[in-house]
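Please look over the sequence and the three-dimensional structure shown below.

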Amino acid sequence: MSKTGFRTPSAVSIGGTTTIRRLESIDEYRQCEKLQEQIWGPADIGGNRVVAMLTAQENGGHVFGAFAESGELAGFAYSFAGYGPDRRPRLCSIMIAVDERFRGQGLGYRLKQAQRHDSLAKGIEVITWTFDPLQRVNAALNIRRLGAIARTYRANLYGNFTGLNSGLDTDRLVVEWWLRRHPRPSRWHAPSLATPICQVIADPRSGLPRIASTDHDVDSDTLFLPIPPSLAELKRVDLALAQDWRARTRELFGDYLGRGYVVVDFLTAGSWPGYVLRRPPC
Ligand SMILES: CC(C)(COP(=O)(O)OP(=O)(O)OC[C@H]1O[C@@H](n2cnc3c(N)ncnc32)[C@H](O)[C@@H]1OP(=O)(O)O)[C@@H](O)C(=O)NCCC(=O)NCCS
(Lines give C-alpha, C1' and ligand atoms only; values in the text may rest on other atoms or scores of the structure.)
Protein backbone atom coordinates (compact mmCIF):
# COMPACT_ATOMS: atom_id res chain seq x y z
CA MET A 1 0.00 0.00 0.00
CA SER A 2 1.26 3.47 -0.79
CA LYS A 3 1.94 5.91 2.00
CA THR A 4 -0.95 8.07 0.92
CA GLY A 5 -3.10 4.94 0.84
CA PHE A 6 -5.85 6.76 -1.05
CA ARG A 7 -7.91 4.90 -3.60
CA THR A 8 -9.90 6.93 -6.05
CA PRO A 9 -13.16 5.21 -6.96
CA SER A 10 -13.68 4.59 -10.65
CA ALA A 11 -14.99 7.95 -11.74
CA VAL A 12 -17.63 8.63 -14.36
CA SER A 13 -17.21 11.94 -16.11
CA ILE A 14 -20.25 14.09 -15.61
CA GLY A 15 -19.61 15.55 -19.09
CA GLY A 16 -21.88 18.05 -20.78
CA THR A 17 -23.60 20.63 -18.66
CA THR A 18 -24.29 20.02 -15.00
CA THR A 19 -27.00 22.24 -13.63
CA ILE A 20 -26.96 23.40 -10.03
CA ARG A 21 -30.46 24.38 -8.97
CA ARG A 22 -32.95 23.91 -6.13
CA LEU A 23 -34.84 20.64 -5.90
CA GLU A 24 -38.34 21.19 -7.22
CA SER A 25 -40.42 18.02 -7.09
CA ILE A 26 -41.17 15.29 -4.57
CA ASP A 27 -39.46 12.88 -6.94
CA GLU A 28 -36.26 14.94 -6.72
CA TYR A 29 -36.42 14.96 -2.89
CA ARG A 30 -36.86 11.16 -2.99
CA GLN A 31 -33.76 10.91 -5.21
CA CYS A 32 -31.94 12.98 -2.60
CA GLU A 33 -33.03 10.63 0.20
CA LYS A 34 -31.79 7.68 -1.85
CA LEU A 35 -28.42 9.32 -2.44
CA GLN A 36 -28.08 9.99 1.29
CA GLU A 37 -28.89 6.36 2.08
CA GLN A 38 -26.38 5.21 -0.50
CA ILE A 39 -23.59 7.36 0.96
CA TRP A 40 -24.24 7.29 4.73
CA GLY A 41 -26.33 4.13 5.06
CA PRO A 42 -30.10 4.18 5.82
CA ALA A 43 -29.61 4.16 9.60
CA ASP A 44 -27.29 7.18 9.62
CA ILE A 45 -29.36 9.77 7.77
CA GLY A 46 -31.77 10.32 10.64
CA GLY A 47 -34.43 12.91 9.99
CA ASN A 48 -33.08 14.28 6.73
CA ARG A 49 -36.19 13.21 4.88
CA VAL A 50 -38.50 14.89 2.38
CA VAL A 51 -40.55 16.78 4.97
CA ALA A 52 -37.51 18.27 6.73
CA MET A 53 -35.75 19.18 3.48
CA LEU A 54 -38.84 20.73 1.93
CA THR A 55 -39.59 22.72 5.07
CA ALA A 56 -36.02 24.05 5.22
CA GLN A 57 -36.11 24.95 1.51
CA GLU A 58 -39.30 26.96 1.95
CA ASN A 59 -38.23 28.77 5.12
CA GLY A 60 -34.93 30.47 4.42
CA GLY A 61 -32.78 27.40 3.87
CA HIS A 62 -32.15 25.53 0.65
CA VAL A 63 -31.64 22.16 -0.98
CA PHE A 64 -29.51 22.55 -4.08
CA GLY A 65 -29.06 19.65 -6.45
CA ALA A 66 -26.36 19.05 -9.06
CA PHE A 67 -28.17 17.52 -12.02
CA ALA A 68 -26.48 15.67 -14.85
CA GLU A 69 -27.81 16.21 -18.39
CA SER A 70 -29.76 12.95 -18.04
CA GLY A 71 -31.63 14.51 -15.09
CA GLU A 72 -29.86 12.22 -12.60
CA LEU A 73 -29.10 13.78 -9.22
CA ALA A 74 -25.29 13.70 -8.92
CA GLY A 75 -25.00 15.65 -5.65
CA PHE A 76 -26.81 17.98 -3.27
CA ALA A 77 -26.32 20.58 -0.54
CA TYR A 78 -28.94 20.92 2.21
CA SER A 79 -29.11 23.79 4.73
CA PHE A 80 -31.49 25.55 7.05
CA ALA A 81 -31.58 29.10 8.32
CA GLY A 82 -30.58 29.80 11.89
CA TYR A 83 -29.10 32.29 14.32
CA GLY A 84 -25.67 32.50 15.89
CA PRO A 85 -24.87 33.30 19.52
CA ASP A 86 -24.59 36.95 18.38
CA ARG A 87 -28.27 36.69 17.26
CA ARG A 88 -27.26 37.39 13.68
CA PRO A 89 -28.71 35.17 10.95
CA ARG A 90 -26.54 32.38 9.65
CA LEU A 91 -26.96 29.45 7.33
CA CYS A 92 -26.51 26.00 8.91
CA SER A 93 -25.34 23.54 6.30
CA ILE A 94 -26.44 20.06 7.27
CA MET A 95 -25.23 17.87 4.45
CA ILE A 96 -23.38 18.11 1.20
CA ALA A 97 -22.61 15.04 -0.84
CA VAL A 98 -21.67 13.95 -4.33
CA ASP A 99 -22.41 10.50 -5.72
CA GLU A 100 -19.15 8.52 -5.56
CA ARG A 101 -19.18 8.11 -9.36
CA PHE A 102 -19.06 11.88 -9.89
CA ARG A 103 -16.53 12.97 -7.27
CA GLY A 104 -13.38 14.95 -7.95
CA GLN A 105 -14.95 16.94 -10.79
CA GLY A 106 -15.66 20.14 -8.92
CA LEU A 107 -19.30 19.48 -8.02
CA GLY A 108 -18.74 19.72 -4.26
CA TYR A 109 -17.07 23.09 -4.76
CA ARG A 110 -19.84 24.33 -7.06
CA LEU A 111 -22.52 23.28 -4.57
CA LYS A 112 -20.73 25.24 -1.83
CA GLN A 113 -20.59 28.26 -4.17
CA ALA A 114 -24.36 27.96 -4.72
CA GLN A 115 -24.79 28.05 -0.92
CA ARG A 116 -22.54 31.09 -0.75
CA HIS A 117 -24.39 33.07 -3.45
CA ASP A 118 -27.78 32.22 -1.96
CA SER A 119 -26.67 33.30 1.52
CA LEU A 120 -25.15 36.59 0.36
CA ALA A 121 -28.32 37.36 -1.59
CA LYS A 122 -30.23 37.01 1.70
CA GLY A 123 -27.76 39.22 3.59
CA ILE A 124 -26.24 36.26 5.46
CA GLU A 125 -22.48 36.49 5.91
CA VAL A 126 -21.55 33.23 7.60
CA ILE A 127 -22.31 29.58 6.92
CA THR A 128 -21.55 27.00 9.60
CA TRP A 129 -21.39 23.23 9.50
CA THR A 130 -19.49 20.36 11.06
CA PHE A 131 -17.17 17.75 9.63
CA ASP A 132 -15.04 14.87 10.79
CA PRO A 133 -11.53 16.32 11.20
CA LEU A 134 -9.96 12.99 10.19
CA GLN A 135 -11.56 13.16 6.71
CA ARG A 136 -8.90 14.49 4.39
CA VAL A 137 -11.08 15.35 1.39
CA ASN A 138 -13.54 17.30 3.55
CA ALA A 139 -10.68 19.15 5.23
CA ALA A 140 -9.15 20.03 1.86
CA LEU A 141 -12.46 21.31 0.55
CA ASN A 142 -13.65 23.14 3.66
CA ILE A 143 -10.48 24.64 5.09
CA ARG A 144 -8.07 24.87 2.17
CA ARG A 145 -10.24 25.42 -0.88
CA LEU A 146 -13.10 27.40 0.64
CA GLY A 147 -11.02 29.20 3.26
CA ALA A 148 -13.28 28.36 6.21
CA ILE A 149 -11.89 28.37 9.75
CA ALA A 150 -12.63 26.29 12.87
CA ARG A 151 -12.43 27.31 16.51
CA THR A 152 -14.58 24.65 18.14
CA TYR A 153 -14.17 20.88 18.54
CA ARG A 154 -17.10 18.70 19.65
CA ALA A 155 -16.45 15.18 20.95
CA ASN A 156 -18.92 12.48 19.81
CA LEU A 157 -21.38 15.21 18.79
CA TYR A 158 -24.00 13.00 17.12
CA GLY A 159 -23.51 9.81 19.13
CA ASN A 160 -22.63 6.55 17.44
CA PHE A 161 -23.75 5.32 14.03
CA THR A 162 -23.71 2.15 12.02
CA GLY A 163 -23.10 3.31 8.42
CA LEU A 164 -20.37 5.55 6.98
CA ASN A 165 -19.65 6.79 10.52
CA SER A 166 -19.52 3.38 12.18
CA GLY A 167 -16.63 2.35 14.42
CA LEU A 168 -15.59 5.82 15.61
CA ASP A 169 -17.12 8.45 17.87
CA THR A 170 -18.62 11.25 15.79
CA ASP A 171 -16.14 13.97 16.75
CA ARG A 172 -16.55 17.12 14.66
CA LEU A 173 -14.86 20.41 13.94
CA VAL A 174 -17.34 23.29 13.73
CA VAL A 175 -16.61 25.25 10.58
CA GLU A 176 -17.25 28.96 10.10
CA TRP A 177 -17.22 30.12 6.49
CA TRP A 178 -17.11 33.90 6.51
CA LEU A 179 -18.39 34.67 3.05
CA ARG A 180 -17.10 38.19 2.61
CA ARG A 181 -13.57 37.02 3.38
CA HIS A 182 -13.61 34.63 0.43
CA PRO A 183 -11.23 33.68 -1.04
CA ARG A 184 -8.69 33.83 1.77
CA PRO A 185 -5.16 34.21 0.45
CA SER A 186 -3.30 31.04 1.34
CA ARG A 187 -0.29 31.83 3.46
CA TRP A 188 0.91 28.37 4.34
CA HIS A 189 2.65 26.23 1.80
CA ALA A 190 4.84 23.85 3.77
CA PRO A 191 4.23 22.12 7.08
CA SER A 192 7.87 22.91 7.92
CA LEU A 193 6.80 26.51 8.60
CA ALA A 194 4.65 25.30 11.50
CA THR A 195 5.61 23.43 14.68
CA PRO A 196 4.26 19.86 14.69
CA ILE A 197 2.28 18.89 17.78
CA CYS A 198 2.51 15.18 17.08
CA GLN A 199 4.97 12.86 15.42
CA VAL A 200 3.61 10.37 12.90
CA ILE A 201 5.40 7.26 11.68
CA ALA A 202 4.45 4.71 9.05
CA ASP A 203 3.90 1.28 10.62
CA PRO A 204 6.79 -0.88 9.31
CA ARG A 205 4.47 -3.80 8.52
CA SER A 206 1.24 -2.25 7.25
CA GLY A 207 2.55 1.16 6.15
CA LEU A 208 -0.37 2.74 8.00
CA PRO A 209 0.27 6.04 9.79
CA ARG A 210 0.58 5.82 13.57
CA ILE A 211 0.95 8.63 16.12
CA ALA A 212 4.28 8.01 17.86
CA SER A 213 4.08 10.91 20.29
CA THR A 214 2.11 14.06 21.03
CA ASP A 215 3.18 17.37 22.53
CA HIS A 216 0.68 19.40 24.52
CA ASP A 217 3.12 22.11 25.58
CA VAL A 218 4.19 23.71 22.34
CA ASP A 219 4.45 27.49 22.59
CA SER A 220 4.49 28.66 18.99
CA ASP A 221 2.28 30.96 16.92
CA THR A 222 1.78 28.36 14.20
CA LEU A 223 1.19 24.64 14.76
CA PHE A 224 0.84 21.64 12.47
CA LEU A 225 -1.52 18.76 13.32
CA PRO A 226 -1.20 15.84 10.87
CA ILE A 227 -4.01 13.42 10.02
CA PRO A 228 -4.08 10.09 8.14
CA PRO A 229 -4.35 10.30 4.33
CA SER A 230 -7.36 7.97 4.28
CA LEU A 231 -9.59 7.40 7.29
CA ALA A 232 -11.66 4.85 5.34
CA GLU A 233 -8.57 2.73 4.67
CA LEU A 234 -7.43 3.02 8.29
CA LYS A 235 -10.83 1.89 9.58
CA ARG A 236 -10.98 -0.99 7.13
CA VAL A 237 -7.50 -2.33 7.87
CA ASP A 238 -7.00 -1.48 11.57
CA LEU A 239 -10.01 -0.08 13.43
CA ALA A 240 -8.11 0.08 16.75
CA LEU A 241 -5.53 2.31 15.10
CA ALA A 242 -8.26 4.56 13.70
CA GLN A 243 -9.73 4.81 17.21
CA ASP A 244 -6.29 5.73 18.56
CA TRP A 245 -6.12 8.56 15.99
CA ARG A 246 -9.55 9.72 17.12
CA ALA A 247 -8.62 9.73 20.81
CA ARG A 248 -5.28 11.46 20.42
CA THR A 249 -6.35 14.11 17.92
CA ARG A 250 -9.38 14.80 20.15
CA GLU A 251 -7.00 15.63 23.00
CA LEU A 252 -4.80 17.79 20.76
CA PHE A 253 -7.65 19.74 19.14
CA GLY A 254 -9.42 20.13 22.49
CA ASP A 255 -6.29 21.35 24.17
CA TYR A 256 -5.05 23.82 21.58
CA LEU A 257 -8.43 25.19 20.41
CA GLY A 258 -9.28 25.54 24.11
CA ARG A 259 -6.22 27.79 24.41
CA GLY A 260 -7.47 30.03 21.59
CA TYR A 261 -5.72 28.56 18.56
CA VAL A 262 -7.76 28.62 15.33
CA VAL A 263 -7.66 26.13 12.45
CA VAL A 264 -6.74 28.34 9.49
CA ASP A 265 -5.43 26.06 6.77
CA PHE A 266 -5.00 22.47 5.62
CA LEU A 267 -1.89 21.26 3.80
CA THR A 268 -1.29 18.21 1.67
CA ALA A 269 2.27 18.97 0.53
CA GLY A 270 4.26 17.25 3.30
CA SER A 271 4.71 13.61 4.32
CA TRP A 272 1.28 13.65 5.93
CA PRO A 273 -1.69 15.91 5.31
CA GLY A 274 -2.61 18.14 8.23
CA TYR A 275 -4.03 21.28 9.73
CA VAL A 276 -2.35 24.60 10.36
CA LEU A 277 -3.43 26.12 13.70
CA ARG A 278 -2.70 29.74 14.38
CA ARG A 279 -2.61 31.63 17.66
CA PRO A 280 -4.43 34.95 17.23
CA PRO A 281 -2.35 37.98 18.17
CA CYS A 282 -3.02 39.18 21.75
C1 LIG B 1 -16.91 16.00 0.30
C2 LIG B 1 -17.50 15.81 -1.11
C3 LIG B 1 -18.86 16.44 -1.15
C4 LIG B 1 -16.57 16.53 -2.13
O5 LIG B 1 -17.22 16.48 -3.40
P6 LIG B 1 -16.40 16.50 -4.79
O7 LIG B 1 -17.36 16.85 -5.88
O8 LIG B 1 -15.64 15.25 -4.96
O9 LIG B 1 -15.39 17.70 -4.51
P10 LIG B 1 -14.70 18.62 -5.63
O11 LIG B 1 -14.38 17.83 -6.84
O12 LIG B 1 -15.52 19.86 -5.84
O13 LIG B 1 -13.36 19.03 -4.93
C14 LIG B 1 -13.31 20.17 -4.12
C15 LIG B 1 -12.05 20.14 -3.30
O16 LIG B 1 -12.10 19.03 -2.42
C17 LIG B 1 -10.80 18.50 -2.29
N18 LIG B 1 -10.77 17.15 -2.87
C19 LIG B 1 -11.69 16.57 -3.67
N20 LIG B 1 -11.32 15.30 -3.96
C21 LIG B 1 -10.15 15.09 -3.31
C22 LIG B 1 -9.27 13.98 -3.19
N23 LIG B 1 -9.53 12.81 -3.79
N24 LIG B 1 -8.15 14.13 -2.43
C25 LIG B 1 -7.90 15.30 -1.80
N26 LIG B 1 -8.68 16.39 -1.87
C27 LIG B 1 -9.80 16.28 -2.62
C28 LIG B 1 -9.88 19.41 -3.05
O29 LIG B 1 -9.48 20.46 -2.22
C30 LIG B 1 -10.79 19.94 -4.11
O31 LIG B 1 -10.38 21.16 -4.63
P32 LIG B 1 -9.30 21.17 -5.84
O33 LIG B 1 -9.81 20.20 -6.87
O34 LIG B 1 -9.26 22.57 -6.30
O35 LIG B 1 -8.02 20.71 -5.21
C36 LIG B 1 -17.55 14.31 -1.48
O37 LIG B 1 -16.29 13.76 -1.27
C38 LIG B 1 -18.59 13.51 -0.70
O39 LIG B 1 -19.76 13.44 -1.08
N40 LIG B 1 -18.17 12.85 0.41
C41 LIG B 1 -19.08 11.98 1.21
C42 LIG B 1 -20.10 12.77 1.99
C43 LIG B 1 -19.46 13.77 2.92
O44 LIG B 1 -18.47 13.50 3.59
N45 LIG B 1 -20.03 14.99 2.95
C46 LIG B 1 -19.52 16.07 3.78
C47 LIG B 1 -20.03 16.05 5.16
S48 LIG B 1 -21.77 16.36 5.27
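The model is a predicted one. Its secondary structure comprises six helices and 13 strands. The protein has 282 residues, and 48% of them are buried. The contacts give a further view of the fold: among those between residues at least 6 apart in sequence, 68% join residues at least 24 apart.

Helix H1 covers residues 26-40 and helix H2 covers residues 50-57; their axes come within 10 Å and cross at roughly 120°. An angle from 65 to 115 degrees would count as roughly perpendicular and one over 145 as roughly antiparallel; H1 and H2 are therefore oblique to each other. Their crossing is right-handed. On the H1 side, the residues that meet H2 are Ile26, Tyr29, Arg30, Cys32, Glu33 and Gln36, and their partners in H2 are Val50, Met53, Leu54 and Gln57.

Gln57 deserves a separate look. This residue of helix H2 has a relative accessible area of 11%, and because buried means under 20%, Gln57 counts as buried. Leaving aside residues up to four places away in sequence, Gln57 touches Arg22, Leu23, Tyr29, His62 and Val63. Between the C-alpha atoms of Gln57 and Ala81 there are 9.2 Å in space, while the two residues are 24 apart in sequence.

The next topic is the aromatic rings. How many aromatic pairs does a search of the whole structure find? The search finds five. One of these pairs is formed by Tyr153 and Phe253, which are stacked, with 5.2 Å from centre to centre and 15° between the planes. This pair links distant parts of the chain, since Tyr153 belongs to strand E6 (residues 149-154) and Phe253 to helix H6 (residues 239-258), 100 residues apart. Tyr153 and Phe253 are buried. Another arrangement is found in Phe266 and Tyr275: the ring centres are 5.0 Å apart and the planes stand at 65°, so this pair is edge-to-face. Phe266 and Tyr275 are both buried as well. Ring pairs join Tyr153, Phe253, Phe266 and Tyr275 into a cluster.

Rings can also be considered together with arginine side chains. Arg21 lies over the face of Phe67, 3.9 Å from the ring centre. Arg259 is placed over the face of Tyr256, at 4.3 Å from the ring centre.

The remaining residues are found in loops. Leu146 is in the loop between helix H4 (136-145) and E6, and it is buried, with a relative accessible area of 1%. Along the chain, Leu146 and Gln113 are 33 residues apart, and their C-alpha atoms are separated by 8.9 Å.

Two further loop residues concern the backbone angle phi. Most residues other than glycine have a negative phi. Arg87, although not a glycine, has a positive phi of about 70°. Its place is in the loop between strand E3 (73-83) and strand E4 (89-98). Is Arg87 buried or exposed? With 72% relative accessibility, Arg87 counts as exposed. Asn156 likewise is not a glycine and has a positive phi, of about 45°. Asn156 lies in the loop between E6 and strand E7 (172-178), and with a relative accessible area of 25% it is partly exposed.

Conventions:
Residues numbered from 1 in each chain as written. Predicted model: local features only at pLDDT ≥ 70, side-chain atom pairs only at ≥ 80, totals over all residues. Heavy atoms only, no water. Phe/Tyr/Trp six-rings, centres within 6.5 Å; stacked < 30°, edge-to-face > 60°. Helix = DSSP H or I, 4+ residues; strand = E, 2+ residues; numbered from the N terminus. Buried < 20%, exposed > 50% of the residue type's maximum accessible area, 1.4 Å probe, protein only. Lys NZ or Arg CZ within 6 Å of the ring centre and 35° of its normal. Axes fitted to C-alpha atoms, helices over the stretch in contact; angles between N-to-C directions. Parallel < 35°, antiparallel > 145°, perpendicular 65-115°, else oblique. Left-handed = near helix turned anticlockwise from the far one by under 90°. Contact = heavy atoms within 4.5 Å.
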